[in-house]
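The following exercises are each followed by a worked solution.

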Amino acid sequence: MNNTPIVVIGGGFGGIYTIKDLLKQGNHVVLISQSQHFTFTPLLHEVATGSLMSHDVAFEYESFFHSDLFEYSSGSVTRIDPEKKCVWINELCIEYHTLVIAMGSHTNEHMVKGMDYVYVLKKVEDAIAMKHAIISKAQQPDKQVRINVIGGGPTGCELVFEIQRLVMALKKRHPQLVFQLRLIHSKQDLGGATHPDMQAYISQRVHQSGIELVLDTIAEEVTPMHVVTNKGVFESDI
């Protein structure tokens with residue numbers, strides 16, 4: 001029997017589901033990932049608004065798999081040698097029987113300038129930073145919060161509703177708080193849905209919630225105080 005492990009690079013959805021099946025088949029698996037834990041990214045918007053805690057959406061790989069056949073190796077792959085069947089983490093070589101690359105993707109910034117001023121949702125730390133920024137701004141003396149969410153896909157729509165719940169809760173504690181919440185989307189359809197009835201329902205929910213909806217609009221640049229689009233400039237705190 002070959003004791004050389006199957007090496008999986010990347011611990012996102014693709015990586016963990018692959019590992020789960022491989023372990024069921026009795027394979028020795030080594031996971032290489034920079035993070036020690038898996039993050040259930042579809043729920044990060046709820047961490048960003050306080051509906052869930054960070055430990056509700058993240059778990060350590062070793063605790064999750066809990067198998068003697070599983071090993072976790074922290075680090076970033078610097079080189080792959082397919083002839084020698086070796087993956088390098090700096091100076092350390094990990095030999096493999098089979099290699100699975102499941103490294104996921106980067107956030108699509110659509111060539112938007114000023115991404116340093118944008119909060120993204122890829123990690124738990126991102127969600128926590130967003131929540132702290134909203135609460136901190138709400139506690140400022142001017143009691144004014146202007147928030148723009150760019151992107152009306154599934155995550156964008158869920159996030160904008162969750163932000164509204166958070167701000168309404170803050171307003172109960174600070175009645176003088178004034179907030180403006182805007183959803184900017186490059187297309188006409190929201191939520192990634194294709195059925196016209198679903199599109200109409202999502203749009204209706206947004207309008208009923210008092211969220212400003214800006215469609216067919218492309219964000220081109222973000223500054224500390226503004227979102228610059230192809231159809232005008234919108235003021236923004238977050």
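**Exercise 1: an aromatic pair**

Phe38 counts as buried, at 3% relative accessibility (buried means under 20% relative accessible area, exposed over 50%, partly exposed in between, with a 1.4 Å probe and protein chains only). The model is predicted, so local features need pLDDT of at least 70 and side-chain atom pairs count only at pLDDT 80 or more, while totals for chains, interfaces and linings use all residues. Residues are numbered from 1 along each chain as its sequence is written, and side-chain values use heavy atoms, with hydrogens and water left out.

Task: determine how many aromatic pairs there are, and describe the pair of Phe38 and Phe59.

Solution. Step one is the rule: rings of Phe, Tyr and Trp (its six-membered ring) pair if their centres lie within 6.5 Å; planes under 30 degrees apart count as stacked, over 60 as edge-to-face and the rest as tilted. By this rule the count is seven aromatic pairs. In the tilted pair of Phe38 and Phe59, the centres are 5.1 Å apart and the planes make an angle of 40°. This pair links distant parts of the chain, 21 residues apart: Phe38 lies in strand 3 (residues 37-39) and Phe59 in strand 4 (residues 58-60) (strands are DSSP runs of E, at least two residues, numbered from the N terminus). Phe59 is partly exposed, with a relative accessible area of 26%.

Step two concerns Phe65 and Phe70, a tilted pair with 4.7 Å from centre to centre and 40° between the planes. Both Phe65 and Phe70 are buried. Ring pairs join Phe13, Phe38, Phe40, Phe59, Phe64, Phe65 and Phe70 into a cluster.

**Exercise 2: the disulfide**

Task: state which residues the disulfide joins, and whether Cys86 is buried or exposed.

Solution. A disulfide is a pair of cysteine sulfur atoms within 2.5 Å. The search of the whole structure finds one, which joins Cys86 to Cys93 with an S to S distance of 1.7 Å. Cys86 is buried, at a relative accessible area of 2%, whereas Cys93 is partly exposed, at 32%.

Note on methods:
Helix = DSSP H or I, 4+ residues; strand = E, 2+ residues; numbered from the N terminus.
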